[in-house]
Amino acid sequence: MSTFLSLHCFLPLFFLISVFHLSSAARNLNGQVQDHSQLLHYHNGPLLYGKITVNLIWYGHFKPSQKAIIADFVTSLSSPLTSNNQPSVSTWWKTTEKYYHLSPRKVASLSLSLGDQILDESYSLGKSLTTKHLVELASKGGQKNAINVVLTSADVAVEGFCMSRCGTHGSAASAGHVNGGKNYKFAYIWVGNSETQCPGQCAWPFHQPIYGPQSPPLIAPNNDVGVDGMVINFASLLAGTATNPFGNGYFQGPAGAPLEAASACPGVYGKGAYPGYAGDLLVDSTTGASYNVNGANARKYLVPALYDPSTSSCSTPV
């Protein structure tokens with residue numbers, strides 16, 4: 001049995017986060033400000049910890065440049081902290097460590113690294129996928145000490161995509177693998193490229209929103225609206241996967257529609273954010289692109305605010 005929480009796109013329109021007990025968390029299509037008076041509550045389940053590899057499963061057609069954007073983002077999560085690359089992806093990610101410090105389960109923090117990259121350019125399951133298909137694809141990656149990330153290309157339709165979610169994270173029982181004689185679960189994430197299907201829902205603020213306050217779209221930092229939008233959704237879901245991997249970690253609200261580390265701060269990317277406005281961001285002097293963190297290989301990215309459990313507030317890189 002699998003569980004998943006779906007990530008609803010960060011639009012000024014609120015879509016409920018859907019959760020199926022597959023253990024996945026979705027990114028909210030919401031740009032409204034939430035009440036942060038309470039901490040995300042811990043529900044006594046395990047967090048991901050120790051050394052974990054992030055395996056990327058590319059489904060459909062992606063250009064080499066698009067693959068590099070996301071692979072570099074994963075590498076950036078553990079890049080060394082230096083004074084000349086701040087604010088950085090790795091500094092942004094360190095906010096998740098605060099959840100580990102608060103947990104009564106004293107475990108090592110999570111250390112992520114880029115693992116295998118698996119290509120399925122022949123659309124082996126077709127161009128219209130169900131949630132069951134996503135779990136099947138996620139199972140192609142290593143299932144021990146890993147997060148398997150399914151990335152679908154712009155010409156692939158996925159159940160619920162654009163309608164209620166931009167991606168999901170969840171868990172599923174490992175097939176044919178045992179740990180001490182018992183089956184165990186592995187964590188997975190799915191994110192779709194919305195460039196041609198719903199960029200106004202799943203790639204805001206790099207595209208004009210379909211609903212809510214209208215403001216000019218920002219220039220994407222890697223010059224790819226679809227993939228830069230995928231990075232935002234991936235980042236949100238990755239934070240949810242680390243802190244609520246199996247549906248019983250840190251979240252707020254009902255288990256069927258939880259707010260997690262990033263989805264508790266929808267539409268917030270910089271200080272001063274409000275519905276329809278992503279916040280005060282950094283701007284590349286050459287390209288005019290908006291971003292809030294620096295990454296590996298001189299990359300720039302836009303990542304969502306994370307809920308800081310030590311301050312009960314949304315923490316932004318800038």
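Predicted model: local features only at pLDDT ≥ 70, side-chain atom pairs only at ≥ 80, totals over all residues.
Reader: How many helices and strands does the protein have, and what percentage of its residues count as buried?

Author: The secondary structure consists of 6 helices and 17 strands. Residues 24 or more positions apart account for 70% of the contacts with a separation of 6 or more. Of the 318 residues, the share that counts as buried is 58%.

Reader: Which element contributes the largest share of the largest nonpolar core?

Author: The largest nonpolar core has 51 residues, and Phe73, Trp92 and Phe234 have the most contacts inside it. Its largest share, 9 residues, comes from α6.

Reader: With which residues is tryptophan 92 in contact, leaving aside its neighbours within four places in sequence?

Author: Trp92 is among the residues with the most contacts inside the largest nonpolar core. Leaving aside neighbours within four places in sequence, its contacts are Phe73, Leu77, Ala235, Val293, Val303, Pro304, Leu306 and Pro317.

Reader: Which residues are closest to the centre of the second largest pocket?

Author: This pocket has a volume of about 190 Å³. Its lining of 14 residues divides into 10 nonpolar, 4 polar and no charged. The residues closest to the centre are Ser215, Leu218, Gly276, Tyr277 and Ala278.

Technical notes. Residues numbered from 1 in each chain as written. Heavy atoms only, no water. 1 Å grid on protein atoms, 1.4 Å probe; cavity = no way out; pocket = protein on both sides within 12 Å on 5 of 7 lines; lining within 4 Å. Points joined across faces, edges and corners; volume = space filled by probe spheres on them. Nonpolar A, V, L, I, M, F, W, Y, C, P; charged D, E, K, R; others polar. Core = buried A, V, L, I, M, F, W, Y, C linked by side-chain atoms within 4.5 Å. Buried < 20%, exposed > 50% of the residue type's maximum accessible area, 1.4 Å probe, protein only. Helix = DSSP H or I, 4+ residues; strand = E, 2+ residues; numbered from the N terminus. Contact = heavy atoms within 4.5 Å.
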